[in-house]
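This briefing is meant to be read with the structure open beside it.

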Amino acid sequence: MKQRIRALEQEAKSLEPDAEERRHYRDQVIEYGEQFLQRLPDMPAYDPAYREAERLLDSGITEEPFDVRSVLDEIRNSVDRPGINTASDGHLGYIPGCGLYLSALGDYLAAVTNRYAGVHYSSPGAVNIERRLIRWMADLTGYPSTAGGYMASGGSMANLTAITAAREHFGIRAREVENTVVYTTTHAHHCIDRALRVNGLGECIRRHIPMDERYRMRAGELDNAIREDLRRGLRPWLLVGSAGTTDAGAVDPLNALADVASEHGLWYHVDAAYGGFFMLAGGTGHLFDGIQRSDSVVVDPHKGLFLPYGLGVLLVRDEATLAEAHRYQADYMQDVQEPGGVRSPADTSPELSRHFRGMRLWLPLKWHGLRPFRKALEEKLELTRYAYRQLADTRGFEVGPEPDLSVFLFRYMPDDEDPESFNRRLQQAILDEGQVYISSTRINGTFMLRLAILSARTHLDTIDRALQQLREKAGELLQHT
Ligand SMILES: *Cc1c(COP(=O)(O)O)cnc(C)c1O
């Protein structure tokens with residue numbers, strides 16, 4: 001029997017490369033990352049080479065290993081080329097990403113040491129780092145000392161968890177759901193609606209409150225809608241405001257919404273997944289005033305702090321609401337539940353085993369310091385105002401409202417073509433060129449192009465290139481009609 005165990009051990013040990021083998025893998029991976037970053041300025045922001053992506057599947061998973069280089073080659077051609085290059089400075093669509101290098105090193109360290117970040121008993125250091133980071137973000141929001149939070153994988157998961165906390169706080173039962181009312185605008189992110197359904201609240205009534213001419217919720221209309229619902233005997237319970245909508249980058253009047261929510265005793269949630277970290281930039285205080293009066297807020301470090309995808313954060317005014325919503329009992333956990341001890345992610349979220357996500361935020365904040373983050377965010381705001389002015393002053397282009405943050409709407413108005421078909425062609429011409437990526441949306445049924453500026457890598461040269469392409473392509477399209 002021992003002989004058989006030893007034989008298995010011999011084979012199993014290839015899962016633990018020794019120092020020399022580790023170097024072999026590591027050097028090639030680090031070199032790959034280095035080459036990627038060095039080539040990045042010349043790589044397209046968009047490459048529709050879908051067939052390459054499919055070819056990756058051909059090699060499959062086999063009993064015998066592949067050599068390191070052939071697998072990296074496959075990744076280079078089939079993963080890191082086709083589609084939107086979200087690491088590129090030219091990514092100006094949706095909400096751009098970036099992917100800070102120091103964050104990647106944080107992920108590497110967190111994975112090598114593999115600390116169990118779900119439970120304080122297991123890894124007090126990892127849990128404390130995340131608690132410090134949550135406290136830092138709660139301070140930025142202006143929350144009191146009772147605040148807490150949850151470092152989730154992204155904004156959608158964080159919003160989902162916020163709604164769980166709100167539902168449990170009010171103890172909403174299944175049979176009551178169809179009489180409960182949720183208030184948003186039509187520009188609330190789609191993940192809110194999905195979060196309601198996933199939380200078993202799909203049957204609650206949604207009221208879409210009218211917006212002003214800059215796509216911000218009208219607080220007066222909100223108040224009217226709530227009063228009307230109360231008269232009908234319904235149960236208003238949740239208000240979702242936006243601090244930076246995906247469509248137009250608009251920030252709702254957070255203070256006025258807080259007045260209404262507190263008057264009627266609603267849970268006031270602010271989705272600041274895109275816009276929240278602009279609180280770090282100078283001159284934005286007036287936009288965010290009132291956020292400190294909310295019950296919960298979502299901010300996405302993988303947007304506004306330029307991290308690689310995989311981190312969205314829920315902050316709650318009162319950590320006890322999260323703990324109450326996620327309480328559990330399990331005999332095999334009896335060792336870890338320290339009475340009166342520090343609350344762990346496992347106590348305040350749906351997760352148990354989890355990646356130590358705090359490290360990917362801690363390292364860049366510690367090693368860069370906060371200042372370059374503030375300056376980069378201020379730079380994005382200035383770039384946005386600059387691009388907006390430039391397009392507004394370019395003949396033929398029509399711009400949407402003055403941007404609150406770093407997203408704005410625009411389109412070209414041709415003399416004798418349907419604007420939608422022309423702007424679709426304009427967008428396609430830009431994508432075919434591949435140097436910048438821009439996306440579109442529909443505002444009250446009207447097809448609009450958007451510019452969204454949020455990558456740490458996007459600077460003035462990129463924006464000038466994007467503006468030049470828009471002008472050139474619009475001119476070429478006019479000539480060919
Ligand atoms: C991006 C975004 C979300 C969703 O966040 P993910 O991190 O993509 O899951 C939610 N709300 C707003 C306003 C967003 O911009």
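Two rings of Phe, Tyr or Trp are treated as a pair if their centres lie within 6.5 Å, with the six-membered ring used for Trp. In this predicted model, the count by that rule comes to 11 aromatic pairs. One aromatic cluster is formed by Tyr-388, Phe-397, Phe-408, Phe-410, Tyr-412 and Phe-422.

**The protein as a whole**

- The secondary structure of the protein comes to 18 helices and 13 strands. The radius of gyration is 25 Å, which is close to the 23 Å that the globule rule gives for 481 residues, so the protein is as compact as a globular protein of that length.
- Along its principal axes, the C-alpha trace of the protein spans about 80 × 60 × 40 Å.
- If we take the contacts between residues at least 6 apart in sequence, 75% of them join residues that are at least 24 apart.

**Thr-384 and its surroundings**

- Thr-384 is found in helix H16, which covers residues 371-392, and with a relative accessibility of 0% Thr-384 counts as buried.
- Although Thr-384 and Pro-403 are 19 residues apart along the chain, their C-alpha atoms are separated by 7.6 Å.
- When residues up to four places away in sequence are not counted, Thr-384 touches Pro-403, Leu-405, Ser-406, Val-407, Phe-408 and Ile-453. Among these, Phe-408 is also a member of the aromatic cluster described above.

- Tyr-46 has its place in strand S1, residues 46-47, and its relative accessibility of 16% puts it in the buried class, because buried means under 20% relative accessible area.
- Tyr-46 and Glu-433 are 387 residues apart in sequence, yet from C-alpha to C-alpha they are 8.5 Å apart in space.
- Leaving aside neighbours within four places in sequence, Tyr-46 is in contact with Gly-83, Ile-84, Leu-431, Gly-434 and Tyr-437.
- His-91 sits in the loop between strand S2 (83-84) and helix H5 (101-113), and although it belongs to a loop, His-91 is buried, with a relative accessible area of 2%.
- Again without residues up to four places away in sequence, His-91 touches Ala-45, Ile-84, Asn-85, Thr-86, Pro-96, Gly-97, Tyr-437 and Ala-452. Of these, Ile-84 and Tyr-437 are also in contact with Tyr-46.

**Positive phi angles in two loops**

- Most residues other than glycine have a negative phi, and the two residues below can be read against that background.
- Tyr-94 has a phi near 40°, a positive value in a residue other than glycine. Tyr-94 lies in the loop between S2 and H5, and at 44% relative accessibility it counts as partly exposed.
- Asn-114 has a positive phi of about 50°, although it is not a glycine. Asn-114 lies in the loop between H5 and helix H6 (124-141), where it is exposed, with a relative accessible area of 58%.

Note on methods. Residues are numbered from 1 along each chain as its sequence is written. This is a predicted model: local features need pLDDT of at least 70, side-chain atom pairs count only at pLDDT 80 or more; totals for chains, interfaces and linings use all residues. Side-chain values use heavy atoms; hydrogens and water are left out. Rings of Phe, Tyr and Trp (its six-membered ring) pair if their centres lie within 6.5 Å; planes under 30 degrees apart count as stacked, over 60 as edge-to-face and the rest as tilted. Helices (H or I, at least four residues) and strands (E, at least two) are DSSP runs, numbered from the N terminus. The radius of gyration is taken over C-alpha atoms; the globule rule is 2.2 Å times the number of residues to the power 0.38. Contact means heavy atoms within 4.5 Å. Buried means under 20% relative accessible area, exposed over 50%, partly exposed in between (1.4 Å probe, protein chains only).
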